[in-house]
Amino acid sequence: MKMTASEAILNIILENGTDVVFGYPGSAIAPVYDALSSFDKIKHVLPKTEQSAAHAASGYAKSSGKVGVCIATSGPGATNLITGIATAYSDSVPMVAITGQVHSDLVGRDAFQEVDITGATNPFCKHNYLINSPDEIVDVLREAFYIASTGRKGPVLVDIPTNYLTEFVEFKKYKEPNLISYKPNYKGNTLQIKRAIDCLKKAKRPLLYIGGGCCDLETNKELKKFIEKTSFPAVTTLKAVGAVPFDYPLNFGMIGTHGKKVANYALSTCDTLMILGARIGDRSLGKADLIDEENIKVIHIDIDPAEIGKNMHTNIPVVGLVKNVLSALNEKDFSVSCDKEWIEALKIKNSIKNDYPHKKGFVNPEFVIECINRITNGNSIVSTEVGQNQIWAARNIKINSPLGFITSGGLGTMGFGLPAAIGAAFANKDKSVIAIEGDGSLMMSLAELSTIASYNLNIKIILFNNNALGMIREYQKNNFGENYFEVFLEKNPDFTLLSKSFGIKAKRVDNQDEISDALKEAFSYNGSYLLEINVDPMENSII
């Protein structure tokens, strides 16, 4: 079947199950937009910047399990995608970025709006392509989706000269790409799995260390089976919030420098650590520096062999898809007798309740999260910004789905949360979407309030306004003798008036006694709502 390259691109996006794309038009990518105008099986969403298009594609991918797609024109349009692509790479989010390039005859001649985007993104893409012929487009796009969505998932960029986009190409029947140099090991070595079982049988204080590799639906089913089978206690990374049921009695929450004390205690006192789909980032182990290499046996299961043993000693490495390895473990008959005193000590530490202290005129942010939990019971999709708002949410939010928590973990990108919530809203029209914001981060993506209003999205924006870059203020407090410099935001706008100017209902709360009713009002409103909450500028996130 013959069709234009632009039409072929849209059909390939659709055959991969993606029905929404996020992009910003320009002359080099204009042929794709011409084809999009009459292609009603894919919805195009116009954010206000290309960076937001990439973040929205991440939110769409993370909350749906599909590949996110973002589109931009050449030059500055393409370079504006870079932060979003790097964010997706750091968090293993499947994404295909399609960029227009200058006319093929002008490539390499410093033409207007020409930039080497494949060279620029090479360090943080799984792979990228500069198309050299229209005949490559169909095969390359299919390869891009295949690479992005298999193995350790991540972003792939395809750069296409604008004149190729109007050429007619042969749209062949789909055949799974066979890439000689790309063969992820999915199964897991049988001998290593047996060694892992033998190690677990001897454990008295086993602990599951759950990472983002457990956050797709199929893997999560196997994880839940394994937890039911073993009754092992579990801790999670920031990226794995929601991977373990919030109400599981032995879910001890997020680990790391900003994690829960009980989670870090469990990590430092276990005798067998089973790591599932996690890269052992520095923030995950920063507060758990008591890992005893002599007495703690480590089983590390991951699809990416480069991550095993990179940041932590490993006794039993298992390279494979976590889903498949867990499935193999679930088929085996073994039991473990856990140290009851250790389990009871963990439960006692986990039972300590927060009394949510606050000063007059301010609201305790963790109390806000508790109130949200009562309203949603974990059945919302939550997107966060980066900073204290992220930590308050991650430590306390109730999430019932492995696809329900969206955040920038590896790169820590401010301005990510609001466009990511937009992507999630398009992927989940039947679910409530919450955007947890800080005032510093919101200032980086304010224009996306217009996008929310333009598409009549139902997003509840919870803004923790402490008139500061709170996390950096806290860092200066702890590391620079309270020498606060350039961290207080003294000229913030009136966020409620600003929201209303876009047609988004808004309210400000300064009194903790009013927060529960204000949240109920926001969540019962049929449409987007910004609730600005006054937080003490000296409120801390490290506990």
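Leaving out neighbours within four places in sequence, Thr237 is in contact (heavy atoms within 4.5 Å) with Tyr209, Ile210, Gly211, Gly212, Met254, Ile255, Ala278 and Ser284. Thr237 sits in the loop between strand E10 (234-236) and strand E11 (251-254). Strands (E, at least two residues) and helices (H or I, at least four) are DSSP runs, numbered from the N terminus. Thr237 is buried, with a relative accessible area of 9%; buried means under 20%, with a 1.4 Å probe and protein chains only.

This is a predicted model: local features need pLDDT of at least 70, side-chain atom pairs count only at pLDDT 80 or more, and totals for chains, interfaces and linings use all residues. Residues are numbered from 1 along each chain as its sequence is written, and side-chain values use heavy atoms, leaving out hydrogens and water.

Two helix pairs follow. Axes are lines fitted to C-alpha atoms over the stretch in contact, with angles from 0 to 180 degrees between N-to-C directions.

| Helix pair | Axes come within | Crossing angle |
|---|---|---|
| H14 (residues 365-376) and H15 (residues 388-396) | 9 Å | roughly 45° |
| H3 (residues 50-64) and H5 (residues 82-90) | 7 Å | roughly 25° |

H3 and H5 are therefore roughly parallel, a term for angles under 35 degrees. Their contact uses Gln51, Ala54, His55 and Ser58 of H3, and Thr83, Gly84, Ile85, Thr87 and Ala88 of H5. These residues divide into three nonpolar, six polar and no charged.

H14 and H15 are therefore oblique to each other. Here Pro365, Glu366, Ile369 and Asn373 of H14 meet Trp392, Ala393, Arg395 and Asn396 of H15. That contact has four nonpolar, two polar and two charged residues. Ala, Val, Leu, Ile, Met, Phe, Trp, Tyr, Cys and Pro count as nonpolar, Asp, Glu, Lys and Arg as charged, and the others, Gly among them, as polar.

How values were computed
Parallel < 35°, antiparallel > 145°, perpendicular 65-115°, else oblique. Buried < 20%, exposed > 50% of the residue type's maximum accessible area, 1.4 Å probe, protein only.
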